[in-house]
Structure formats: structure tokens, C-alpha cells
Amino acid sequence: MAEQEFAVWAPRPERVRVEVDGVAHPMRRDEDNWWRATVEAGDGSRYGFLLDDDPTLLPDPRSRRQPDGVHAASALWQPPASGWSGEARRSGREAPAEPRGSRGHPHETETGWAGRHLEGAVIYELHIGTFTPGGTLDSAIDRLDHLVNLGVDFVELMPVNAFAGSHGWGYDGVLWYAVHEPYGGPDALMRFIRGAHARGLGVLLDVVFNHLGPSGNYLPRFGPYLSAASNPWGDGINIADADSDEVRRYIIDCALGWLRDFGADGLRLDAVHALVDTTAVHILEELAAETDALAGQLGRPLTLIAESDRNDPRFITPRADGGYGLTAQWDDDIHHALHTAVSGERHGYYGDFGSLATLAETLKNGYFHAGSYSSFRRRRHGRPLDTAAIPGHRLLAYTCTHDQVGNRAAGDRPSGYLSEGQLALSAALALLSPFTALLFMGEEWAASTPFQFFSSHPEPELAEATRVGRRAEFAEHGWDAEEIPDPQDERTFADSKLDWTELGSGSHARLLDCYRELIALRRSEEDLADFRLDHLRVDFDEDARWLVMHRGSLAIAGNFGPDPVAVPVTGEIVYAWGDPQVGEGATVLAGESFAVLRTPSQ
């Protein structure tokens with residue numbers, strides 16, 4: 001036991017006490033509305049705050065650990081000595097060597113991990129609860145070697161912050177600083193990140209700062225955390241109204257803590273278009289500046305990736321050029337253009353996509369909607385990307401994500417309705433494009449398991465509202481309500497867990513080999529390291545259903561149709577799916593196949 005200072009920002013109550021291990025202690029109020037008290041406590045001590053005369057013990061808004069859930073007391077937790085160098089000194093072990101297949105030798109820091117730059121990397125998105133049968137961070141460590149062998153550079157974890165219930169997607173978090181206890185809590189996250197770093201893998205965390213979940217959100221009791229601006233998921237966050245300075249600090253400190261205290265290499269910022277900021281310095285610009293400063297202190301690169309549906313280049317434009325200075329941005333236009341070209345789907349936001357001309361334009365320009373009319377939004381949308389100034393690696397390309405799978409009514413993956421050839425062709429265009437690549441867990445072996453929307457709200461009324469709302473949403477689009485999985489049913493969660501026994505059999509094994517080969521090409525071919533979009537050329541024939549993406553001397557030729565087609569490109573076959581026949585002036589591709597050719601020098 002030792003003296004610990006407890007502090008909480010709480011401008012709303014007139015009296016605040018901190019209860020530590022069952023004993024309440026008065027707190028003093030500073031001029032800045034922070035309440036403080038020094039109390040004897042030890043690692044693991046349970047504590048919380050009592051506001052005014054309410055006997056309800058509230059968790060710490062900045063709690064790192066919630067052993068009994070988001071409605072219960074917090075527990076004191078301090079990060080252990082970080083990095084492999086500290087562990088090696090204590091255990092007598094040497095820091096592990098750079099694993100096979102990793103890119104470059106790390107610049108040694110005091111932690112022994114130099115980090116990774118995002119430029120051109122391959123990211124693997126996963127959900128801890130369904131990635132393994134165990135559904136924990138520790139069980140996920142055991143599968144990291146699979147990702148190393150696949151050729152992945154970064155692991156991106158869907159939100160691991162604390163939310164109500166045992167399982168869910170994690171986007172309804174209410175204690176942003178804490179690690180979800182069913183995943184193993186903060187110590188398990190430390191072990192996972194160290195385990196990834198030991199294998200040469202960077203770790204990105206998906207964080208949600210645009211709204212709070214409906215269960216366990218006690219922040220408004222403390223202060224003005226919420227704003228009048230709402231978004232599709234609930235009340236917005238007060239980042240621009242009165243008394244918002246401390247709320248902004250709450251967000252930025254949370255973000256920096258994952259990078260500094262846990263050793264994460266970057267953050268994926270969920271739905272940043274829902275952050276309503278009318279101040280002169282947008283909170284994303286402020287966060288980018290502080291993240292860059294922290295990277296300098298730590299001696300390793302740190303990454304910020306935005307999820308946005310605005311097609312706004314400001315997110316990824318350097319601050320010196322008037323942008324927010326984020327590292328990269330998810331690009332749904334690339335997904336939509338590629339998905340519709342192979343699947344033929346045209347409903348909802350896919351309505352403006354589907355042609356090879358659309359796919360070619362999106363590959364060359366990064367965005368398809370760049371000031372053009374969006375039939376889904378019924379207005380103009382987006383802004384052109386300066387392809388001469390913004391490299392392609394600032395945009396993420398993907399064939400599926402948790403959203404693009406899980407937000408389908410049945411949570412079905414592309415492997416459930418596309419052929420092997422279509423899956424391979426999609427992978428080739430995404431992985432060999434001039435963009436940073438993102439895979440969703442199980443995609444690489446065409447997993448047969450779905451990824452459905454699931455939740456475990458403990459409140460019966462909230463559980464029923466989620467169930468009814470989900471079915472009503474998809475019924476509007478013509479789905480039979482009975483076909484839509486019940487998100488509160490335990491089977492919906494269990495059915496979404498990956499089946500790792502599939503990897504070595506049939507089409508699963510063939511697709512896995514294909515992904516490994518494509519990622520290896522991405523690493524070994526010099527022309528694929530040119531991310532300048534204005535150097536990209538795309539040829540296509542809408543009627544014949546072929547498209548060729550030219551990357552320097554390499555040509556990635558794809559046949560989207562079911563029948564063989566002669567594509568006017570020749571050269572040495574570097575890799576192919578199908579049995580391409582190179583002839584005089586053309587290469588014949590089988591239906592739904594592709595070939596990577598090294599073309600003669602022009």
C-alpha cells in the first residue's frame with residue numbers, strides 16, 4: 001500500500017468523494033473543476049466516485065480496468081515496465097531476432113521495438129471475441145504466427161475498450177480508457193502487443209470518440225461530455241461547445257495513452273465525420289500534432305487512420321498544407337467499385353458503382369465521388385484528391401471489412417456468394433494496387449463462417465430495442481425479418497467465430513496460397529512500391545469484361561466475365577489464377593481469373 005492521488009474532472013456536482021476499498025474519502029475542488037484526494041491504496045484496489053448525496057458508486061471516467069464490468073467499481077492498474085528490453089533484463093532472455101519476412105531492421109530504441117511505417121503495408125483487421133474459439137487476447141497471441149506467415153505487417157483490433165455485456169462489436173464503449181475485461185483486461189492487451197512486436201507485427205487499435213454506448217454511460221453525471229449534435233449512434237460528443245476543452249483533453253489523453261502506455265503503433269479513428277468540431281483547430285489536427293510529438297519522444301512511427309465517408313482529402317493532407325495531417329484513410333469507394341464489379345450487386349450505396357469504367361476511375365483517382373452526384377445521398381459528394389501530391393498509400397483498399405460483412409443482413413462474407421476466381425481476382429486488384437491494403441479476418445482462406453452483428457446488452461429493454469431495430473432496418477430493404485439473426489442470441493455470436501480447421505482443405509487452402517503469393521509479390525516487386533497514383537494506368541473493355549492495371553513493368557490483368565477472353569497484353573507470367581495463355585499480342589484469360597505479367601520494356 002502507498003499513497004495514491006485520485007483525481008476526476010467533475011464540474012456538475014457540488015460534492016465529490018472517492019471510495020477506496022469500501023471507505024469514502026472527501027475530495028477537494030480546484031479552480032479548474034478537478035477534484036483531488038490522496039489516499040492509501042495498492043495495485044488492484046477497488047475505487048469509484050460518489051457524487052453529491054447519491055449513494056451510487058460510479059467508475060472512474062479514466063479507469064484502466066473494470067474487473068466487474070462498466071457498472072461496477074474501477075481497479076487501480078499501472079502499466080508494467082514496457083518493451084522487450086525490460087522483459088529480457090528481468091528474465092535473462094535476449095530480445096528476439098527480427099522474424100523472417102519482416103521489412104527492414106528496426107532502429108533500436110530502449111524498448112527494442114522500432115515500430116513500422118504504414119506506407120504500403122498490409123493490415124489485418126480482427127475481432128478478438130470471434131478470432132479464436134477462446135475469444136481472448138491471450139488466445140489470439142497463439143494465432144499471430146499465421147499472420148506472420150501470411151505476410152501481414154499490422155494487426156488492427158476492433159475496439160477493445162470497456163462496454164456493457166460480455167460480447168459485442170465494441171463500438172458501444174462507455175469507458176474509453178479501460179480494456180474489456182472478458183478479453184483479458186489491460187495486462188492481456190500488454191501481452192498481446194508485446195507478442196505481436198516480438199514477431200515483427202505492428203498493432204493498431206480501433207477507437208471510437210464520436211459517441212458513447214447506451215449502457216454504463218455515466219460521464220454526463222460528471223460534466224458536459226455530450227453535445228446537442230447527434231449522430232446515427234446516439235448523442236454527439238462535446239468537442240466545440242461550452243466547457244469542451246476538458247472533453248477534448250479527455251479524448252486526446254485517451255488516444256495518446258494507448259500509444260504511450262500500451263505500446264500500440266497507431267489508431268483507427270472510427271467515423272470521424274461524426275466529430276462535429278466548429279473550432280478553428282479541428283480536434284483531428286490537434287490529435288495529429290500531439291501524436292507526431294509523441295512519436296518523436298518514443299523514437300518510433302505512430303499512425304492515425306481515419307474512417308470517413310466524406311471523401312475529403314483534408315483528413316490526409318499534411319498540416320503544413322492546410323490539412324489535418326492524419327496518416328491514412330479508409331476508402332469505401334475502392335471497396336464499392338471492386339465489390340460491385342465482381343458481384344453485380346447494385347442496391348443501396350452500390351447504386352452508382354458496378355461498371356469497369358467506375359472501377360478504373362476509382363483506382364486512378366482514389367475517390368469515385370469527388371464532387372459528383374451521389375444517387376444514394378441525393379446530392380453532390382466528395383472532393384477531388386490531388387493525385388500528384390497525395391500518394392496512394394494514404395488510402396486503404398479492401399475487399400471486405402467488419403462493416404462491409406457485418407452490416408449485411410445475414411453477415412455473409414463474399415466467400416458465400418462469389419466463386420473462387422472472383423475472390424482471387426478481387427484480392428489481386430486490392431493487394432497489388434498502389435494503396436495500403438486491409439484484410440478482414442478469415443478473408444485469406446475464404447472462411448465459411450459469417451460475421452454477424454451481435455450484442456449482449458444486460459438490460460432487457462435495450463436488448464429488445466436492438467433486436468427490433470435491427471430487423472426493422474433490414475425489413476425496409478426487402479429482407480424477411482425471420483432471416484435476420486437475433487443479435488442478442490448467443491448463437492449469433494458463436495456462429496461468427498472463425499473455424500480454423502478450414503485452412504488446409506480444398507478451396508480454403510487454394511485461396512490462402514493465393515493471398516500469400518500476392519502479398520509476397522507486393523513485397524518483392526519494386527514496381528509495386530511506387531504509390532504515385534498519377535503513375536497508374538488502367539485499361540479496360542466494358543463489353544469484353546477485362547481490365548488491366550499497369551504498375552510500371554507489371555500488368556495485373558483480370559477477366560471479370562465467366563468466359564475466356566483475349567486481353568491485349570503480353571509478357572512473362574509472374575503469377576496467375578487459372579491457366580493464362582500468352583500469345584502474339586494478347587493473353588487469353590479463363591473466366592473469372594487473373595494474371596500478373598512482366599511486360600516488355602517500352
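Biologist: Where is the place of Asp270?

Modeller: Asp270 sits in the loop between strand 15 (266–269) and helix 8 (283–298). Helices (H or I, at least four residues) and strands (E, at least two) are DSSP runs, numbered from the N terminus. This is a predicted model, where local features need pLDDT of at least 70, side-chain atom pairs count only at pLDDT 80 or more, and totals for chains, interfaces and linings use all residues. Residues are numbered from 1 along each chain as its sequence is written, and side-chain values use heavy atoms, with hydrogens and water left out.

Biologist: Is Asp270 buried or exposed?

Modeller: Asp270 is buried, with a relative accessible area of 9%. Buried means under 20% relative accessible area, exposed over 50%, partly exposed in between (1.4 Å probe, protein chains only).

Biologist: What does Asp270 touch?

Modeller: Leaving out residues up to four places away in sequence, Asp270 touches Tyr171, Asp206, Val207, Val208, Asn210 and Glu307. Contact means heavy atoms within 4.5 Å.

Biologist: Which residues does the UniProt annotation "active site" cover?

Modeller: In the unreviewed UniProt entry, that annotation covers Asp270 and Glu307. They span 38 residues in sequence, yet no two of their C-alpha atoms are more than 5.3 Å apart, so they gather at one spot. UniProt positions are given in the numbering used here, feature names are shortened, and annotations may be inferred rather than shown by experiment.

Biologist: And where is the place of Glu307?

Modeller: Glu307 is in the loop between strand 16 (303–306) and strand 17 (328–330). At 12% relative accessibility, Glu307 counts as buried.
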